[in-house]
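Hi everyone, thanks for coming. I'd like to walk you through a structure today, so please have a look at the sequence and the fold while I talk.

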Amino acid sequence: MKFSVVTLGCKVNQFESRAMAAILQERGHELVAEGPADAYIINTCTVTAESSRKSRQAVRRAMSENPLAVTAVCGCWSQISPEEAKKLGADIVFGSSDRLELVNAVERTFSERLAVRRVDDPMSRRIFEELPAGSGVGRTRAMLKVQDGCQNFCSYCIIPYARGPVRSMTPEKAVSEAMRLAREGYRELVITGIEISSYGRDLGSPDLTGLVESICLAAPEMRIRLGSLEPRTITREFCERLSALKNLCPHFHLSLQSGSDAVLKRMGRRYRTGDFFSSLGILRHYFPNCGITTDLIVGFPGESEAEFEETLEFLKKCAFSAAHVFPYSKRPGTKAAAMENQLPRSVKKERAARASALALSLKEDFLRAQEGIETDIFVEKSENGFIHGFTGNYCEVRAAGEAPRNAFCRVRITGVCKDYLEGEAL
Ligand code: SF4
């Protein structure tokens with residue numbers, strides 16, 4: 001069977017897609033990147049209205065590419081809107097769990113052409129679904145999903161309804177998976193999850209620090225990058241222990257969402273700007289020149305011009321190395337969708353443009369500060385006398401020189417071009 005996997009949304013989805021592809025490949029099926037396939041797995045996302053739209057579009061596209069193919073839809077969008085997925089005509093509709101079952105259903109349906117329908121209740125999930133970390137096609141960076149679910153219920157977010165409560169992979173399993181990926185030749189690993197700051201709370205031992213230490217020490221040949229963290233995780237102890245690890249990337253992603261305390265409160269976020277700023281101070285003390293990236297939602301219900309300007313001021317103060325800006329998108333079923341004072345599209349768009357322009361100028365400042373330094377990049381591409389890759393603090397580099405792919409190369413940073421660094425291989 002030729003199969004294709006289409007992935008929308010976050011790193012967790014990417015991880016799960018690779019895992020499903022790896023299972024099918026192991027069973028002798030062929031993963032195709034282009035052209036008609038016999039089966040399509042569309043791993044959807046619903047974090048914004050736009051991601052739901054793209055998810056629907058991907059399902060339609062697969063069905064038009066090969067109307068006779070098995071179309072299987074899974075992920076957060078089909079978890080929340082299974083009826084819609086069925087109406088589009090998908091053969092198999094799963095939600096955001098039971099990936100192994102889905103793979104089996106694809107195989108079964110391919111031979112039997114039976115329609116399968118299955119969506120569970122995410123709130124009743126208690127067990128972490130273990131999937132082998134898949135390799136994908138031609139990838140150099142591996143991902144390891146160590147946690148699923150979230151029970152923070154931020155007022156704008158649909159994820160807790162789509163993914164259910166926190167479930168974690170055991171540290172032993174995570175370490176053995178990391179070692180396996182290192183043996184397979186991976187040299188960069190991203191530790192990911194829906195909300196990794198809550199890692200281990202279901203296991204009775206919430207110890208993300210211990211997990212990161214164990215993985216870094218067990219796989220010293222790999223560079224380890226962390227997924228998104230909550231400010232509450234950034235304590236002196238966390239940073240002191242992690243800064244002793246030679247192979248942990250000095251890059252941290254903390255989703256700010258708003259720089260106004262009043263908006264953070266309405267968003268149901270559990271920190272205020274003061275807490276957030278202290279976290280950055282601790283990080284920068286232990287990891288000088290670390291990259292700190294963030295996400296921002298602008299145009300949240302009731303966000304006044306003054307609150308938005310507070311956010312811009314706070315962004316500048318935080319000096320992020322990159323910020324992804326999203327205009328607020330109403331997700332039916334969340335508290336924020338029912339709030340009064342929803343802002344017009346034009347206001348959200350205009351604020352997103354202003355915040356993105358500021359984010360870009362902060363990124364430029366951070367890139368300029370890298371000029372003249374010598375650092376290692378992980379080479380993801382090597383062609384026409386140039387190598388491309390990322391630094392540990394997550395700046396993209398294009399450097400003159402030759403070096404093998406999927407390995408580290410020392411470079412000197414010589415300048416900045418648009419939103420990446422230029423350099424030379426040493
Ligand atoms: S922490 Fe908040 S924004 Fe993140 S997944 Fe959980 S509810 Fe959504």
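I'll go through the nonpolar cores, then the ligand site, and then one proline. Please keep in mind that this is a predicted model.

Let's begin with the cores. The largest nonpolar core holds 102 residues, and the members that touch the most others are Ile-41, Ala-72, Ile-92 and Leu-189. Which helix gives the most to this core? That is helix 1, residues 11-26, with seven residues. Both domain 1 (2-120) and domain 2 (141-368) supply at least three residues each.

Now zoom in on Ala-72. Leaving aside residues up to four places away in sequence, Ala-72 touches Ala-39, Tyr-40 and Ile-41, then Ala-90, Asp-91 and Ile-92, and also Leu-102, Ala-105 and Val-106.

On to the ligand. What surrounds it? You'll find Cys-150, Asn-152, Phe-153, Cys-154, Cys-157, Ile-159, Pro-160, Ile-194 and Glu-195 around the ligand. Sorted by class, that shell has seven nonpolar residues, one polar and one charged.

Last stop: Pro-344, in the loop between strand 13 (322-327) and helix 13 (345-368). Is Pro-344 buried or exposed? Pro-344 counts as exposed, because its C-beta has 9 neighbours inside 10 Å, and the cut-off for exposed is 12 or fewer. From Pro-344 to Pro-301, the C-alpha to C-alpha distance is 9.6 Å, while the two prolines are 43 residues apart in sequence.

Thanks, and I'm happy to go back to any of these spots.

Note on methods. Residues are numbered from 1 along each chain as its sequence is written. This is a predicted model: local features need pLDDT of at least 70, side-chain atom pairs count only at pLDDT 80 or more; totals for chains, interfaces and linings use all residues. A nonpolar core is a set of buried Ala, Val, Leu, Ile, Met, Phe, Trp, Tyr and Cys residues joined through C-beta atoms within 7 Å. A residue is buried if 20 or more other C-beta atoms lie within 10 Å of its own, exposed if 12 or fewer, and partly exposed in between; C-beta atoms are placed from the backbone. Helices (H or I, at least four residues) and strands (E, at least two) are DSSP runs, numbered from the N terminus. Domain bounds come from an automatic or database domain assignment. Two residues are in contact if their C-beta atoms, placed from the backbone, lie within 7 Å. A residue is near a molecule or strand if its C-beta atom, placed from the backbone, lies within 6 Å of it. Ala, Val, Leu, Ile, Met, Phe, Trp, Tyr, Cys and Pro count as nonpolar, Asp, Glu, Lys and Arg as charged, and the others, Gly among them, as polar.
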